[in-house]
Every structure is written in structure tokens, then in C-alpha cells.
Amino acid sequence: MYEELLQNAAEVRRNACCLYSHFAVGAALLCNDGTVYTGCNVENAAYPLCLCAERNAFGSAVADGKKKGDFKAIAIVGGNENETAASPCFPCGACRQVMAQFCGEDFEVVLTDGTYPLGELLPYSFSL
Ligand code: THU
């Protein structure tokens, strides 16, 4: 299941700009209407400006008009840039919080080793 979405994440991962960490990440975000938005990490010489793949995918979706509740799953593929990413790449805490802003606890986080519900990865998320 979600083989194609993982493939989309692996493809966009090739565009990662990871000059400093040499850790390339690709994300493919599936919406309930079937649309897929992709993102890769984009690093900067000013390190705190580095952008995560997952948040770039959400940014593209939101810019295209997608809203809270429109999202079904996100596939994430990450690892050292010169290697095929086989080990699971779990999303960082900041990306989990961004997912929680737009998705429910049943949102599916698809990694190379299986699928995790967001509620399991970020219980008791912050909300106003
Ligand atoms: N990175 C992501 O793209 N997503 C995550 O969830 C964690 C980390 C990126 C940021 C940085 O460019 C590189 O991986 C190493 O931290």
C-alpha cells in the first residue's frame, strides 16, 4: 500500500538541496481528492533557514488552496544523499506539529518500514 506515494517521495528527493547535511529528504503529500504535492529539503548557508521536505509539501498544497481536513497521507523518504534511503526517516517534531495543524490523528505517515498514524507520532499536540 502507498507504493506509488513512496515512489513520488523518492523521486522528488533527488532534487533535495542538502549542501551542508548531505542528508536528502523527499515528501509526497496525498490529498483526499487524489492530488499529490511533493517537497524536498532546501538548505541554506545560514543553517536555521533550512527547510524540511514535509513542510515544503504542505506549503505547496496550501498555496494551491488545500485546507485543514483535505489531507490523507504523507510519504517520507530520507537518508544520506549518495545512498538509497532504506531506513525509515521519521519526521522531525516541527513537521509533526505542522501536520497536526492541518490533519487529524488518523492522518497516515508512510515510511519505508510501514505506516504510522499521526496521533501515535505526536500525542497531545499543541493547539490554541
Ligand atoms: N529534514 C527534513 O527535510 N525533514 C525532517 O523531518 C527532518 C530533517 C532535513 C532538514 C535538513 O535539511 C536535513 O534533513 C538534515 O537535518
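## A lysine in a loop

Lys66 lies in the loop between α2 and β3; helices (H or I, at least four residues) and strands (E, at least two) here are DSSP runs, numbered from the N terminus. This is a predicted model, where local features need pLDDT of at least 70, side-chain atom pairs count only at pLDDT 80 or more, and totals for chains, interfaces and linings use all residues. Residues are numbered from 1 along each chain as its sequence is written, and side-chain values use heavy atoms, with hydrogens and water left out.

Is Lys66 buried or exposed? Lys66 counts as buried because its relative accessibility is 13%. On this scale, buried means under 20% relative accessible area, exposed means over 50%, and partly exposed is in between (1.4 Å probe, protein chains only). The side chains of Lys66 and Asp33 are joined by a polar contact of 3.3 Å. A polar contact is a pair of N or O atoms within 3.5 Å; within protein, one must be able to donate a hydrogen and the other to accept it, and residues adjacent in sequence count only if both atoms are side-chain atoms. Leaving aside neighbours within four places in sequence, Lys66 also has Cys31, Thr35, Tyr37, Ala61 and Phe71 among its contacts, with contact meaning heavy atoms within 4.5 Å.

## The sheet

Five strands make up an open sheet with mixed pairing, in the order β2-β1-β3-β4-β5. Two strands pair if DSSP finds at least two bridges between them. β2 (36-40) and β5 stand at the edges with a single partner strand each, so one side of each has no neighbour in the sheet. On average, neighbouring strands of this sheet are turned by 20° against each other, direction ignored. Axes are lines fitted to C-alpha atoms, for helices over the stretch in contact, and angles run from 0 to 180 degrees between N-to-C directions.

At one end, β1 and β2 pair in the antiparallel sense over five bridges. Leu29 stands opposite Tyr37 in β2, and Ala27 stands opposite Gly39 in β2. These two strands form a hairpin with four residues between them, and Gly34 in the turn has a positive phi of about 95°. Glu108 has Pro117 as its bridge partner in β5. β4 and β5 also form a hairpin, with two residues between them.

## Packing inside

Which residues have the most contacts inside the largest nonpolar core? They are Ile74, Met99 and Phe107, in a core of 24 residues. A nonpolar core is a set of buried Ala, Val, Leu, Ile, Met, Phe, Trp, Tyr and Cys residues joined through side-chain atoms within 4.5 Å. At least two residues of this core come from each of β1 (23-31), α2 (53-63), β3 (71-80), α3 (93-102), β4 (108-111) and α4 (118-121). Apart from it lies another core, of 11 residues, with Tyr2, Leu5, Leu30 and Val110 among them.

Phe107 touches Leu29, Phe58, Phe71, Lys72, Ala73, Ile74, Met99, Tyr116, Pro117 and Leu118, not counting residues up to four places away in sequence. Phe102, in helix α3, counts as partly exposed because its relative accessibility is 21%. With residues up to four places away set aside, Phe102 touches Phe58, Val62, Lys68, Gly69 and Phe71. Phe102 and Thr84 are 18 residues apart in sequence, and 30 Å separates them in space, C-alpha to C-alpha.

## Around the ligand

The ligand is surrounded by Ser21, Phe23, Val25, Asn41, Glu43, Cys52, Ala53, Glu54, Pro91 and Cys92; a residue is near a molecule or strand if one of its heavy atoms lies within 4 Å of it.

- A polar side-chain atom of Asn41 lies 2.9 Å away from an oxygen atom of the ligand.
- For Ala53, a backbone N or O atom is 2.9 Å from an oxygen atom of the ligand.
- For Glu54, a side-chain N or O atom is 2.7 Å from an oxygen atom of the ligand.

His22, in the loop between α1 and β1, has a positive phi of about 60° although it is not a glycine. At 38% relative accessibility, His22 is partly exposed. Tyr124, found in the segment after α4, also isn't a glycine, yet has a positive phi of about 55°. With 83% relative accessibility, Tyr124 counts as exposed.
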